[in-house]
Amino acid sequence: MDKILIIAWNMIRRSIGTFRGLMVFILLPGVVVAAIISLTGGMAEEPATVLYANSDTGAAGRHLITELEQAGEYKFEPRRDEASLKEATIKQEGTVGVFIPAGYTAALLAGEPPQISVYELRASESSIMMKLKITATAAQIAEAAHTVAAAGGGTGEMQAQLAAVLKQSEQHNVGSTRTDYDLYPRQTLGVVTGLTLMFLMALVTSSVSQITDDRRGRTMMRMFSAPVRSYEIALGNFLGSFLVGLIQILVVLVLGKWVLRYDYEMPLFLYFLVLAAFMLVSMGIASTVAGLIRNPRNAGMLNSLILTPTCMLGGCFWPVSIMPEYMQKLANFTPQKWAIQAVDIAATGGGWNELWLPFAILGLMAAVLLAIGSAILRPNEAGIST
C-alpha cells in the first residue's frame, strides 16, 4: 500500500506541484466550467416567438389568434402577408409561422375544411406544441361553425352568430387548474452537467500523456526493476490521477455554488459523488488506454476516438431521448449517460432506491476498466521513443 501511495503522490506532485500545473489542471478547467455556468446556467427560458399573418376578415381567424395568445407560452408577432411570413421564418425571426388564409370563416360556415399553413425552418418542441394547439383550436372553431350553419340563415347572419359564439367561448367560464409545478430538472442543468463531464474526461489525455512519457523515458522500467509489482504501478498512477480529478471537481463546485450562486437543484455532496464516480470511470479508461498505447504521439488521438464520440453518444450535447433507438442502446455503454441520469434522478427528488443503479453501473465500469488497465500496462516494456 505504501508503494501505491508513493507513486500516487509523485503523480500529484508532478501534475499540480508547479505553477503551470495548477493553472492547467486546476484553475483553467475551473474557470472554463464556471464560464459555462455563467453563460448557460443562469439563462431563463424565454417564450418562443410565433409569427402570424391573418388574411381572414371574419371572426374565426381572429378567434384562433386570440386563443393561441391566451395560452401565455408564446410571444406573437404579426406579419403583413404570407410572403413576408415565409421570409421572416427563413430568417429565423420566429420559431414557427402561422398563416390563416382569406375566407377562412366563410369556408368553415360552408362546410369546407380550409387549410391553415404552419411554416418552420426546423422541427422543435415549441413548433410541435404550436401545431397541436392550432389543430385543437381549429377543431373547436369548426365544430362551432358547423352548429351555426346547421341552424340556417343568411351568410351575414351566420357570421354574426358565429362571432357571438366565439366571443362567448373566449370568456373561458370553464377553466382548469395547473398541477404541473415543474418537478423536473431544468434543461440548463443538463447542459452544465454534460459540459462539465466533458472537461473532467479531458483529464484522460493528460493522464495518458504522463504514463506514456514515463514508459518512453524508461521510468516505469526502473520502477519495475525495484520490488514493485505491475498492478501497484497501475494503481498508483490511477490513484494520483483520481485525486487530481477530485481537487478539480471541488474547485468547479466551489466556483459554481458560492461564487456564481448557481443552484444545482440537489445536495452538493450528491452532485460531487456523481462527478467523482464519473471521474473514477475516466481514470479506468485512462489506465486501459495507456496500456494499449505504445507510441506517445498517439495519445492525442484519445480526443477524437474516445472523448468526443462518447460525449456525443452519452448525452452531453443533446438529450439521449432524441437519438435513434439503436443509438440509445449504444449510449448505455458510455459513463456519461449514467452520470447524467443520476443527476436527473437526484434533481427530481429521487432517493437511493433509484440512484443505486447508475452508481452501480459506473462502479462496475470503473472496476472492469481498471482491472484491464492493470493487466495490460506492462511497465517492464519501453514505449516507442521516435
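Q: What share of the 386 residues is buried?
A: Buried residues make up 45% of the 386 in the protein. Buried means under 20% relative accessible area, exposed over 50%, partly exposed in between (1.4 Å probe, protein chains only). This is a predicted model: local features need pLDDT of at least 70, side-chain atom pairs count only at pLDDT 80 or more, and totals for chains, interfaces and linings use all residues. Residues are numbered from 1 along each chain as its sequence is written, and side-chain values use heavy atoms, with hydrogens and water left out.

Q: How many helices and strands?
A: There are 16 helices and four strands. Both are DSSP runs numbered from the N terminus: helices are H or I with at least four residues, strands E with at least two.

Q: Which residues touch the most other members in the largest nonpolar core?
A: Leu-197, Ile-249, Met-266, Tyr-271, Leu-275 and Leu-355, out of 43 residues. Such a core is a set of buried Ala, Val, Leu, Ile, Met, Phe, Trp, Tyr and Cys residues joined through side-chain atoms within 4.5 Å.

Q: Which element gives the largest share?
A: H12, with twelve residues.

Q: And what does Leu-275 touch?
A: Leaving out residues up to four places away in sequence, Leu-275 touches Thr-196, Leu-197, Leu-200, Ile-249 and Leu-253. Contact means heavy atoms within 4.5 Å.

Q: Thr-196, then. Buried or exposed?
A: Thr-196 counts as buried because its relative accessibility is 4%. Thr-196 sits in helix H8 (residues 187–201).

Q: New topic. What volume does the second largest pocket have?
A: About 290 Å³. The closest to its centre, of eleven lining residues, are Glu-67, Gln-70, Ala-71, Lys-133 and Thr-137. On a 1 Å grid over the protein atoms alone, a pocket is an open set of points where a 1.4 Å probe fits, with protein on both sides within 12 Å along at least five of seven lines; lining residues have an atom within 4 Å of a point. Volume is the space filled by probe spheres set on the points, which are joined across faces, edges and corners.

Q: Which helix gives most of that lining's residues, as the largest share?
A: H6, with five residues.

Q: Last one: why does the span of H16 agree with expectation?
A: At 1.5 Å a residue, the 25 residues of H16 (352–376) should span 36 Å, and the end C-alpha atoms are 35 Å apart, so the two agree. The expected span is 1.5 Å times one less than the number of residues.
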